[in-house]
Amino acid sequence: MPAEFFSGQARLLYARCHTLLKRLNSFNHLPDELQPYAQDLGRMVSKIATGLQKLLDDPDFGAAPLLLNQFDDYKRFAELVDIIEWHPLSLLDHYNERDHHSYRFAKLFCEQIQYPYDPPLVNAHSNVYYSSLAAVNMVSVPLSDDKHLLSTPDFVHELGHIVFAHVWKEFIQQFMEYFQPYIEDGKAKAANRASPRVYQDHFDMLETAWDRYVQEFFCDVFATYLVGPAYGWSHLRLVLSTQDELYHPTFGERGTHPADESRTRIILASLDEMGADTEAGRIREKWAALTSIFVDKPDGEYALCYPDDILLKLSRQSLRVCRELDLVAFFDQPKDDNNLPSLMQEAWEQFHRDPDSYPQWEAAKTEALKSSIGYLSPTC
Amino acid sequence: MSETGIISQEYQNMADLFRDINRSVIVMKKLHFNLAGASQITDEELAGARGMLASVLRRLVETFQPHLPTQAADDDDALQLPPFFVKRLHELHSAEIQWYVDDLREVMRAVEGERPLTGDLIAHLDELCGQLDAETTAIHRRLWRK
């Protein structure tokens, strides 16, 4: 009975793949430059369909000793179909002018930084602020993103997640060479504390948590390398609007993102490393002034979670990856109006110069940008 | 920023590893239970499955007994076990971790063909798949259930 039910579900998923392929083939409304994305998705869906067919054709399909393994294999296919259907396929199905403007923005940005991979698809109606899905090369940005500039460095952070998907194996391996001894040392010292088991468990938890943090920190350094102080200011802006993660997760807590304070520190360390210490100093000053009025303060063990030494090494490692990928650093970008990394920096400079008139300046710039992106890419 | 970036990467790493391990276990089980498809397994497939599973088992043994000398670094550099998966296994066997490590060594010997695979040893392989599947499913749910 379970085998029959499973067989039926697998056949249904196979049929769903063909429905999606049919839908993909009917996308006549897409601009030519997006056809390769549609083709890539088609290949992914076809590959899943082939995998399902192979599963169904297996002479041992439904055999009792393999049933659970086969069912779990099927689940991975189903999950992948969900991801493709709910994200890039939905985007392409409803693709509109705003999505295309954001895609063009991303494409131009990628050209200007010498991004070594295909630019991502961009969904311009995100419901979770900025986000990314590396598996399908897609970034989501807020609806009003085409009218504003101060938050656009957060798009660069998301691009970092896609780059991380290409480099993570070697990156994590190198990172563990200096992080593992820190954890081992912490555990050894914990043996002399009052509650050694609790400390050791917390160090274990910290080790697991950093498996996620390292990616987030990489993306912060990646964005700092590409748009410089603009990313630091953008981070400050985001912290101001949330505040609740300032010193959390701390020692003994779990979370997907590291504490905002630690993220500020790695951004500033990266700016210092790149010689932008004057700008780093300005951000540091503003940060100190802002955090002095917040209620949240670090607890006594917070420092154990995000040691300066580890953050500095991680910053250097991430910057090295950016250089090895031949990405253009923010200070090497030309200062013309069509240069997006420079425009992100200029926007923040303008905001600091005259915050009150900034909205008018921004409106004029985003309008001009809209025309120039269309002009620079005449196939639009 | 949204946590989707981190979770989607974590999901992908976990799902890729799950597929590799699960398919290798299927190969070993087909042979062990002498199923109809066993005769279609090529030498290359069998060698790939043995190598994959031996690498995973070796990594687990090294992780659970960090004081022991590790394999030369270039042997299975590309294989990285997700810490949440390792943590799950450790929690499950923390009361008898030494016995568990001994069992894993036996499974490793069996997948490398040095001793026969038994039902008990297969149960350990199935447990690896089960724990990795549970973690992968949980992460996938977090991608769409906020």
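Predicted model: local features only at pLDDT ≥ 70, side-chain atom pairs only at ≥ 80, totals over all residues.
**Helices, charge pairs and cores**

Trainee: How many residues of helix 6 of chain A are buried?

Mentor: To count as buried, a residue needs a relative accessible area under 20%. Helix 6 of chain A comes out mostly covered. Out of its 32 residues, the number buried is 24.

Trainee: Which residue forms a salt bridge with A:Arg212?

Mentor: A:Arg212 sits in helix 6 (residues 196-227) of chain A, and its partner sits in helix 1 (residues 4-32) of chain B, so the pair joins two chains. The closest N and O atoms are 2.6 Å apart, and the partner is B:Glu10.

Trainee: What brings charged side chains together in general, and how many salt bridges are there over all chains?

Mentor: Side chains of opposite charge can pair when their charged atoms come close. One set here forms a network, linking A:Asp72, A:Lys75, A:Arg76, A:Glu79 and B:Asp133. Searching the whole structure gives a salt bridge total of 39.

Trainee: How many residues apart in sequence are A:Lys107 and A:Glu33?

Mentor: These two form a salt bridge, with the closest N and O atoms 2.9 Å apart. A:Lys107 is partly exposed at 23% relative accessibility, while A:Glu33 is buried at 14%. A:Lys107 belongs to helix 4 (residues 97-113) of chain A and A:Glu33 to the loop between helix 1 and helix 2, so the pair ties together parts whose separation in residues is 74.

Trainee: Is A:Lys189 buried or exposed?

Mentor: A:Lys189 meets A:Asp185 in a salt bridge, 3.1 Å from N to O. The two are 4 residues apart in helix 5 of chain A, about one helical turn. A:Asp185 is partly exposed at 38%. A:Lys189 has a relative accessible area of 53%, and anything over 50% counts as exposed, so A:Lys189 is exposed.

Trainee: How many residues are in the largest nonpolar core?

Mentor: In soluble globular proteins, nonpolar side chains tend to be buried together. A:Phe109, A:Phe155 and A:Trp210 touch the most other members of this core. Leaving out residues up to four places away in sequence, A:Trp210 touches several residues, including A:Phe175, A:Phe217 and A:Leu314. The number of residues in that largest core is 89.

Trainee: How many residues does the second, separate core have?

Mentor: This core includes residues from chain A, among them A:Ala38 and A:Leu133, and from chain B, among them B:Ile21 and B:Leu128. Its residue count is 78.

Trainee: What is the relative accessible area of B:Ser24?

Mentor: B:Ser24 is found in helix 1 of chain B. Beyond its neighbours within four places in sequence, B:Ser24 is in contact with B:Ala49, B:Met52 and B:Leu53. B:Ser24 is buried, with a relative accessible area of 6%.

How values were computed
Residues numbered from 1 in each chain as written. Chains lettered and ligands numbered in written order. Heavy atoms only, no water. Salt bridge = Lys/Arg side-chain N within 4 Å of Asp/Glu carboxyl O. Buried < 20%, exposed > 50% of the residue type's maximum accessible area, 1.4 Å probe, protein only. Core = buried A, V, L, I, M, F, W, Y, C linked by side-chain atoms within 4.5 Å. Contact = heavy atoms within 4.5 Å.
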